[in-house]
Structures are given as structure tokens and as C-alpha cells.
Amino acid sequence: MSHKPGIKLRDSFGSKFGVVAAAAGSAVGLGNIWKFPYITGVYGGAAFLFVYLGFILAIGLPIMLSELLIGRRSGRNAFGAFKKLAPKSAWKYIGLLGIAAAFMILSFYGVVAGWSIQYIILSIQDGFATKSPEQLNSLFTMLIESPQKPVYLQLIFMVLTGAIVIVGVKKGIEKFTKILMPILVFILLALCVKAITLPGAERGLEFLFKPDFSKLTSEGILSALGHAFFSLSLGMGTLITYGSYINRENNLLRTAVQVTAADTIIAILSGIAIFPAVFAFGIEPSSGPGLVFITLPNVFQQMPGGYIFSILFFLLLTVAALTSSISILEVVVAYFKEEFRLKRKPATIVATILISTLGIFCSLSMGVLEPYKLFGLNFFDLMDWISANMLLPLGGLFIALFVGWFLGAKKVYHEILKGGSVKRGLLYIFIFLLRFIAPIAIAIVFMDGIGLISL
Ligand code: PHE
């Protein structure tokens, strides 16, 4: 069957809930449960959280709506969308920036998802039982430094991701997310209850919610911005690509609000599940990428039914990672498919092989390749830093300018209003945020964070 480009032949989401589920499935992932607690710990807790929340509202939400509307209006991939809406201009290079970000993000994302798979296996083997916090710490370190296991696990995860993307958007992506997301929330809630009843839990809650703004650094603020993009899957065309599968009845504003709310709630729940336990077990809040993997097994050990909970938790963490990784791979696949006229299957296979190869280096950079650094970062951290703190904010900046200034308010309103009425005031706030607040804030935070200016 040959696929000529055309609206009818493209895949699309089946139901309204499916749209939200797929977009929320993309947003909710390792970013919420693994990365958010770990960087909140590194950058000092509550103050970081509040800055992050400010960015989510003032920048993340309007850019999410922008991406969805670019996608639906163009019906194309992240690169093709700009080509279609702004023919013969340089805007399309925003799309390329996004494709590059997708490669980088998925390369280290797959590695962390691989660790999560290993933790499913360890949970099944009851491997955390009777281990002290120190022993759980070295268990994690030994795993990620080993040259083989995490590489295999990353490859297994990437094959799974590729397999789902081959099946296609509707069958592969939508069904999957709809069922599993609610279970994840349930487990997180149970973990929160256990965590806040641990002795010494108050200190963790204070760390997370009582801000000390003197702890904020330029780097912390840039990381909060970068993480707002990362966590909401913004700045690289993921939601342009998903937006292109959304039909005209969908109320894009409502979708954006729901997805943003779900993503933020899950991040905060993860924080509540983790920080009280961090303090209760005497773990360093700034201990880095291992934070979740070291902290939660301590909690499971003390929970009634902890054995089952830990299996379920890591299983769902892996699934949450999968519903995000497919959305990252889909950015690349949709681009290959539409711009190079490849079929879905070969496009997916090529993309998966290229990204997994980068991923092998990410994994090895935790162990044998650790000494090789650039700007003081190993390959894993470099991929993370460049993508989240540079490419996504820059992509977001251009997307805000594109929708705020280039497309023009009329077309923008028209696209938003297709799915139902929206208060005028909200539309004005939206355009104002896109035209002024988002670009200026991103530019300042970015320049300050990389040291070009100093506030
Ligand atoms: N938002 C996902 C998470 O939090 C990661 C992601 C980033 C997905 C960028 C798509 C694009 O885990």
C-alpha cells in the first residue's frame, strides 16, 4: 500500500479522551518521577519548585497550546508543519532543532528506562529486602556502572518503543495510555501516604514546600525552565506531531490545560512520595540521578504489601517511560516518513537504530567512559543538558514567536475556537504571554544560565 501524503490517509486519534491520554502519556514519564525529584533535590527544594511552577503556567501552558495548534492547522510533522504554514522561510529549521533534540533526549531516556526494567526484575526477586540505605545505594551504582546489563536493557526498551511506533499512532499509542495512567496515579498516592507517615517526614515536606529563595542559582533557574519544557514534552515538536493527529472538534485549550495539570500533579505527587523518605532514611537530597532508585526501595521495604507495590511501581514507571519514548520517536518517524517518503516501518527501524547507538554511549558514560568529559559533563549528562536546557527552551522561544507574531492573532484564535467557545480574555492573555512574556523570559533565563549575562 503506498501512502500518498494527504489528510485522509494519516492516522488520527479516535476519541477526545484518547487525545488527552496520548498527550498526557507523552508528558508524564521519567521526567516527573525520576528527573523532577532529583533536580529539585540538587537545586535546593521548594524555591526551585516554585520557579518551576511559575514557568509551567506562564510559559509551558501557552507553548503547549501553540504546539497543538501548529500541529492541527498544518497536519504535518514537526519540520513539515513550519514548511506548510510558512513556505519558503527559515522557520522550518525550528523543526530540525526539534529532531536533534529528539535524538538526544531519547538516547539517555532509554538508558534510565533500562534501569527501571532492572528494578522490576530486582523487585520480583525481592532484591531490596533486608538491605540498608547504603547497600541500596551501592546496588544502584553498581548497576549503572556495569558495561553490559544497562546497555542490554536500554536496547530492550528501545526495541519495545520501536515496536509500538511501528503499529502506529492510534492502535499503538492511544489504547496503551488510557488504561495504565490511572493505575500509576493510584500507586503514587499509596506511596505518598506511606512516605508522609514515616518518622521525620516533616523535614522532607518542608524541603519541598517551604522556599528559601536564597538557594536559587542561575543554573537552577535555567534548569527549572528546561525541565518545564522537558516535563511537558515541549519545544521539540512532540505536541506538533501529536496535534497533527487531532481532529477539528477537539478543544485545544482544554486539552492543554488538562495535560499540564496532570503532568504537574504527578510531579508534585512524586516529590511528596520521595522527599519525606529521603530525610527519613538519611539520604542526601542532592544525590543525583539515583535519588528515586535509592529512596523508594527503602520505603517499599517498610510498607505492608511492599513487595507487590515495588513490582507494580517499577512496571508502571517503565510503562510511563514507554508512553513518553514513543512520542519522542514518533517525532523522528513522522519526519522521516513525510519528508523522505519512507514507510512507517523502515522509518522507525532506522530511527531506532540510530538513537539506540547514541544510547549505548550514554549508558557506558556512567561507567567505563566516565572519564571522558566535555564541559565537565559525561556523555549522558551532556545529552541531557544540551537538549533540556538549550534546545528545548530555544525551540520554545521560536515557537512562541512563530505563533505570537508570525501566524497572526486571527488565525490563531480561529484554530483555538474550532473546538468550542473560549472567553475572549483568555485568548488575549494567551497571545500576550506568547508575544512578550515567554520570549523575553526565556531569553533572559537562558542567557543568564549560560553566563552570557549576569542578573
Ligand atoms: N515529558 C517526558 C517526561 O517527562 C519526556 C519527553 C520530553 C517526552 C520531550 C517528549 C518530548 O518524561
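Modeller: Contact here means heavy atoms within 4.5 Å. Also, this is a predicted model.

Colleague: Good to know. Let's start with Leu191, then: which helix holds Leu191?

Modeller: Leu191 sits in helix α8, which covers residues 169-196.

Colleague: And is Leu191 buried or exposed?

Modeller: Buried: its relative accessible area is 1%, and the cut-off for buried is under 20%.

Colleague: Which residues is Leu191 in contact with, leaving aside its neighbours within four places in sequence?

Modeller: With those neighbours set aside, Leu191 is in contact with Ala273, Leu296, Val299, Phe300, Met303 and Phe313.

Colleague: Thanks! On to Asn298. Where is the place of Asn298?

Modeller: Asn298 belongs to helix α13, residues 291-302. Asn298 is buried as well, since its relative accessible area is 2% and anything under 20% counts as buried.

Colleague: What does Asn298 touch, not counting residues up to four places away in sequence?

Modeller: On that count, Asn298 touches Ser132, Pro133, Leu136, Phe281 and Ile283. As for Lys131, its C-alpha lies 8.2 Å from that of Asn298, although the two are 167 residues apart in sequence.

Colleague: Now aromatics. How many aromatic pairs does the structure hold?

Modeller: There are 36 aromatic pairs. One of them is Phe140 with Phe293: the ring centres are 5.4 Å apart and the planes meet at 15°, so this pair is stacked.

Colleague: Where do Phe140 and Phe293 sit in the chain?

Modeller: Phe140 is in helix α6 (residues 133-145) and Phe293 is in helix α13, so the pair links distant parts of the chain, 153 residues apart. Both Phe140 and Phe293 are buried.

Colleague: And what about Phe293 with Phe314?

Modeller: Phe293 and Phe314 form a stacked pair too, with 6.2 Å from centre to centre and 10° between the planes. Here the link runs from helix α13, with Phe293, to helix α14, with Phe314, 21 residues apart. Phe293 and Phe314 are both buried.

Colleague: Changing topic to helix packing. At what angle do the axes of α5 and α14 cross?

Modeller: Roughly 160°, and the axes of α5 (residues 92-124) and α14 (residues 306-339) come within 9 Å. An angle over 145 degrees counts as roughly antiparallel, and α5 and α14 are therefore roughly antiparallel to each other. Their crossing is left-handed. The residues of this contact divide into 24 nonpolar, six polar and no charged.

Colleague: And α15 with α16, at what angle do they pack?

Modeller: At about 120°, with the axes of α15 (residues 344-364) and α16 (residues 379-407) 6 Å apart. That angle makes α15 oblique to α16.

Colleague: Which residues make that contact of α15 and α16?

Modeller: From α15 they are Leu358, Phe361 and Cys362, and from α16 they are Phe379, Phe380 and Met383. By type, that is six nonpolar, no polar and no charged.

Colleague: Last topic, backbone angles. What is phi of Arg341?

Modeller: Near 50°, a positive value in a residue other than glycine. Arg341 lies in the loop between α14 and α15, and Arg341 is exposed, at 61% relative accessible area.

Colleague: And where is the place of Phe375?

Modeller: Phe375 is in the loop between α15 and α16. Phi of Phe375 is near 50° as well, again positive in a residue other than glycine. With a relative accessibility of 73%, Phe375 counts as exposed.

Methods:
Residues are numbered from 1 along each chain as its sequence is written. This is a predicted model: local features need pLDDT of at least 70, side-chain atom pairs count only at pLDDT 80 or more; totals for chains, interfaces and linings use all residues. Side-chain values use heavy atoms; hydrogens and water are left out. Axes are lines fitted to C-alpha atoms, for helices over the stretch in contact, and angles run from 0 to 180 degrees between N-to-C directions. Helices (H or I, at least four residues) and strands (E, at least two) are DSSP runs, numbered from the N terminus. Angles under 35 degrees count as roughly parallel, over 145 as roughly antiparallel, 65 to 115 as roughly perpendicular and the rest as oblique. A crossing is left-handed if the near helix is turned anticlockwise from the far one by less than a right angle, and right-handed if clockwise. Ala, Val, Leu, Ile, Met, Phe, Trp, Tyr, Cys and Pro count as nonpolar, Asp, Glu, Lys and Arg as charged, and the others, Gly among them, as polar. Buried means under 20% relative accessible area, exposed over 50%, partly exposed in between (1.4 Å probe, protein chains only). Rings of Phe, Tyr and Trp (its six-membered ring) pair if their centres lie within 6.5 Å; planes under 30 degrees apart count as stacked, over 60 as edge-to-face and the rest as tilted.
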